[in-house]
Amino acid sequence: LVMFFYGSNGKSDPVSMGNKVEHQAKNQVAYDIHLPTDLGMLYKVRLGLQSLENSISQLSFHHFKMQNTSTLDTFSFTINKTLPLSLNGDRWIEFPVEWPLKEALSVVTYHIIVFSRNILTKRNVVHMTACVYGTHGDTGDRALLWSLENVHQGEDSESFVVAMDAVELGEPDKIILLISSKVDCKLEVRKLHLKEALKDDPIYVFEVNEAFSVDANNPEIQKEIPVSFVIKRDKRKNGVDNNSHIEGSQPGNLTEYIIKVYTGDKRGAGTDANVHIILFGNEDKSEVFQLSQSLEHQDPFERGRVDTFKVMTKKIGTLHSIEIGHDGKGF
């Protein structure tokens, strides 16, 4: 049993609950712990099992109380949750630290929607976790292949939803994926969506578009994915949701860019893959644009050609860099 403490000055290392002080009453245990650094004002605690190697099938938590022995600041929280300690189950519980005269953060159910290929058929041998980072800390590694919802499986694509309870993250900015397998296999992750379960938006989109070759004899693969763009619903017309748009993309607040792509004049220089581009400015970054409608050619990115594209995006300030890439499809 371990705990993580989050404060205004940072996050603690895992704190082992091994130094048991006493059994104060039936089903009540007290521990004496020491934090090596000053974390500032605590705002969140994560409690759970470091691994699932124990033979415990379920572990129920009813109440949590914590006191700083120097200042005598005391905090208590009613949990009443049972960790679902299945093989791939989520083994963490998070709760906010509440201080007098200070509004505490909320516990939120997040949905992670995974768009992938070849993962669902191998979920019994593949272990996959995601750690979401935001302005209010991180979620720790959470299992992605357990208790799936809204599963859609086609010939060439699949998607599924994973629910995760966590203290609100603020503005999510990256996800770290960890992938391992008991057998050699190839898994394709196209993108991840993150949103609060009870809200339609905002949706944080994390583009991956990568095939992972997992070796059963090698350590797990780690992939850091920054947020690509944010989708919000446009509620400006008659209070009714219209089509999705990128945050900040109101008419009159858009900037047009003309993009020219010069494909090399060497054998194999062209591509049939789906090409995308992201623009980065000193104030913001654009959404992901698929460069598919060339102004000159019906089939863009052929050897030795120049293709022109027009894109409209929210104002991102002074352009300083781009990301350009493709999904590896075709020749």
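In which strand is Asn 209 found? The legends below begin with that residue. The model is predicted, local features need pLDDT of at least 70, side-chain atom pairs count only at pLDDT 80 or more, and totals for chains, interfaces and linings use all residues. Residues are numbered from 1 along each chain as its sequence is written, and side-chain values use heavy atoms, with hydrogens and water left out.

**View A. Asn 209 in strand β18.** Strands (E, at least two residues) are DSSP runs numbered from the N terminus. Asn 209 is not a glycine, yet its phi is positive, at about 50 degrees. The residue counts as partly exposed because its relative accessible area is 32%, where partly exposed lies between buried (under 20%) and exposed (over 50%), with a 1.4 Å probe and protein chains only.

**View B. Asn 80 in strand β8.** This strand covers residues 74-84. Asn 80, also not a glycine, has a positive phi of about 50 degrees. With 53% relative accessibility, Asn 80 counts as exposed.

**View C. The peptide bond between Asp 201 and Pro 202.** The bond is cis, with omega about 0 degrees. Pro 202 lies in the loop between β17 (185-196) and β18 (203-214).

**View D. A nonpolar surface patch made by Leu 319, Ile 322 and Ile 324.** Patch residues have over 30% relative accessible area and no salt bridge, and nonpolar side chains are joined within 5 Å; a salt bridge is a side-chain nitrogen of Lys or Arg within 4 Å of a carboxyl oxygen of Asp or Glu. Ile 322 sits in strand β26 (residues 319-326) and, at 46% relative accessibility, is partly exposed.

How values were computed: Patch = residues over 30% accessible without salt bridge, like charges linked within 9 Å, V, L, I, M, F, W, Y side chains within 5 Å. Areas by Shrake-Rupley, 256 points an atom, 1.4 Å probe, with all protein chains shown as cover. Helix = DSSP H or I, 4+ residues; strand = E, 2+ residues; numbered from the N terminus.
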